[in-house]
Amino acid sequence: MDFLIDSVLSAFLLLWSLDPDLYFIIYVSLKVSFFSTLIAGLLGTPAGFFVAFHEFRGKRILITILNSLLALPTVVVGLVVYAFISRRGILGILDLLYTQSAMVIGQVILIFPIVACLTIAAVSRIDERYRKTAMTLGATTFETARVIFREARFALVAAIITAFGRVIAEVGVSMMLGGNAKGFTRTMTTAMALEYDKGEFVLGVALGIVLLLISFAINILFNSVQGRTKS
Amino acid sequence: MTPLFEARKLSKVYKDRAVLDLAELRIEKEMIYALQGPNGSGKTTLLEILSLLIPPTTGELLYQGKSVDFKSRSLTILRREIVMVHQNPVLFTRTVHGNLEFGLKVRGVPKPAREQTILESLDLVGMRDFLRAEAHKLSGGETQRVAIARALVCSPRVMLFDEPTSSVDVENRNIIERIIGDINSEKKISVVFTSHDLTQASKLSHKVIPLFEGRKVPSVYENIFMSTICAGDEGKMRCQIRDGIALLAETGAEGKVKISIDPLKIRLHRNDDHGSDINSLKGKLVQLTDEQSLVRAAVDVGITLNVLLPKEAFKEQSLNIGDEVTVLIPREAITVF
């Protein structure tokens with residue numbers, strides 16, 4: 001127990017001392033997570049919107065597949081992307097392996113289904129009367145879609161926040177595709193895994209505290225957005 | 001004169017169930033029409049087809065003499081002449097002003113022109129004071145009135161109302177009924193509205209189109225009940241509506257059916273004198289309403305029956321609310337579906 005208390009106290013001291021290594025790890029984590037969330041949002045939101053807004057053959061199967069992908073293990077994503085971008089892979093020529101770009105690619109694949117599924121759920125929950133009202137007031141299909149988008153906006157933001165929460169805390173993709181290279185692709189979660197392997201807990205606990213604070217901030221944001229959805 | 005709407009062999013089928021099946025329909029310009037019928041008679045479906053929101057499964061709809069192509073990209077242009085106000089309308093989550101501005105924005109009306117039109121429309125429904133109010137904080141009646149203003153601001157040729165007063169209080173009901181009249185008389189906008197209330201339909205409209213189970217019917221079906229047909233004495237068929245209420249009817253149908261009892265053919269008496277061949281039920285008079293040359297009486301016989309009496313017959317019997325009466329229902333008054 002003393003050991004844990006000592007680690008926590010040392011961790012706070014490390015954070016307080018503005019240790020450059022520690023803050024660089026936090027920076028890399030936030031940067032990679034930001035870009036993967038941004039790209040997944042730009043791809044997943046319109047895709048989810050399209051699926052929810054249109055009737056087409058195979059729609060239900062597509063939604064079932066997307067729902068199944070919500071439980072996609074990070075190591076599976078890591079493995080599949082690795083197969084493509086490793087030197088022997090068909091994209092090996094791009095030299096992406098063990099770069100932040102590779103991590104972003106893996107994370108986008110990981111959270112695309114989350115963004116798409118939550119967007120489908122958000123748009124499907126919007127009362128059908130909004131669509132009919134916009135149309136009867138003379139809106140084109142595009143203008144009608146904008147109305148639905150506006151009505152669902154808080155739930156859509158919540159989808160993005162959920163996706164960000166998923167990538168900031170994942171370890172499998174970052175480790176397998178980033179390689180945990182110090183000062184380059186080391187993120188909070190991969191650093192914590194390494195510190196654990198080394199049996200040194202201070203940095204791990206410090207990063208754990210930061211990760212928890214980020215999670216806490218995300219949850220506060222998520223709850224405030226959800227609250228606005230319900231009002 | 002070219003009619004506003006003309007429909008031929010119009011049908012709408014949802015999952016193998018025909019909810020609308022009209023051989024023909026004609027709606028003239030600058031008039032008020034009421035589509036009247038009970039729940040499930042296809043009123044809303046017809047209104048949504050007329051508003052060009054949903055295509056019919058089969059048949060043809062003509063608007064101002066031209067056949068409507070529901071797949072055409074230019075349908076939006078046509079739709080901008082016809083605005084529908086839904087039953088329990090939804091307002092967008094923005095201000096009342098933002099809601100009214102929507103229809104004008106999509107029509108490309110410049111901002112200065114918008115403001116004047118918005119205020120005029122709000123004045124017509126008596127909601128100018130709510131211009132900057134958050135729309136989702138309004139009451140049911142206020143929401144309905146803003147929804148009417150939002151439709152009106154688009155300067156449509158046709159306005160379609162689905163059960164415009166079904167979810168509002170008496171005060172708002174009177175206001176909305178007045179607005180519908182004004183829209184037609186002052187702005188010359190053609191109006192089609194649905195109502196399950198025959199009194200409202202007759203009072204507000206120039207013409208009532210009765211619908212029943214998706215079809216146009218010659219007269220309004222009233223007193224509709226679910227019942228079970230069973231064989232009675234001497235091979236006579238009886239419709240069992242509920243325990244203690246069974247009526248003799250002329251029918252070859254069997255099992256569970258829907259029946260309608262023509263309110264014009266029902267008679268009310270204070271005494272029990274009647275033949276054995278006529279259905280007779282005892283009940284209490286619970287409501288009386290003046291309907292031009294007729295008096296509408298609601299009688300509670302265990303179920304509520306609507307009866308239409310000529311005014312002379314009503315006066316002769318000097319009936320009052322609360323009176324015990326005998327309701328006589330001839331067999332020919334009962335239609336079995």
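1. Which residue is the bridge partner of B:Ile259 in strand 20 of chain B? The partner is B:Val336, and strand 14 (residues 255–261) of chain B pairs with strand 20 (residues 334–336) of chain B in the antiparallel sense over three bridges. Helices (H or I, at least four residues) and strands (E, at least two) are DSSP runs numbered from the N terminus, and two strands pair if DSSP finds at least two bridges between them.

2. This is a predicted model, in which local features need pLDDT of at least 70 and side-chain atom pairs count only at pLDDT 80 or more, while totals for chains, interfaces and linings use all residues. Residues are numbered from 1 along each chain as its sequence is written, and chains are lettered from A and ligands numbered from 1 in the order in which they are written.

3. The strands of point 1 belong to an open sheet of five strands in chain B, with the order 13-12-11-14-20 and antiparallel pairing. Its edge strands, each pairing on one side only, are strand 13 (245–249) and strand 20 of chain B. The twist from one strand to the next averages 40 degrees, where axes are lines fitted to C-alpha atoms, for helices over the stretch in contact, and angles run from 0 to 180 degrees between N-to-C directions.

4. Within this sheet, strand 11 (residues 224–231) of chain B pairs antiparallel with strand 14 of chain B over six bridges, and B:Thr228 stands opposite B:Lys256 of strand 14. Four bridges join strand 11 to strand 12 (residues 237–242) of chain B, again antiparallel, with B:Arg238 in strand 12 as the bridge partner of B:Cys230.

5. Between the chains, 18 residues of chain B are in contact with 14 residues of chain A, contact being defined by C-beta atoms, placed from the backbone, that lie within 7 Å. Helix 2 (75–79), strand 6 (82–85) and helix 3 (96–106) of chain B each give two or more residues to the chain B side, and helix 3 has the largest share, three residues.

6. Helix 3 of chain B is mostly covered, with eight of its 11 residues buried; a residue is buried if 20 or more other C-beta atoms lie within 10 Å of its own, exposed if 12 or fewer, and partly exposed in between, with C-beta atoms placed from the backbone. The cover of its buried residues includes helix 7 (141–151) of chain A together with helix 4 (111–124) and helix 5 (140–152) of chain B. Just after helix 3, B:Gly108 takes a positive phi of about 75 degrees.

7. On the chain A side, the buried residues of helix 6 (residues 128–136) include A:Arg131 and A:Met135, and what covers the buried residues of this helix includes helix 7 of chain A together with helix 2 and strand 6 of chain B.

8. Helix 5 of chain B is largely enclosed by the rest of the structure, because 11 of its 13 residues are buried. Its buried residues pack against strand 6, helix 3, helix 4, strand 7 (158–161) and helix 6 (170–187) of chain B.

Methods: Contact = placed C-beta atoms within 7 Å.
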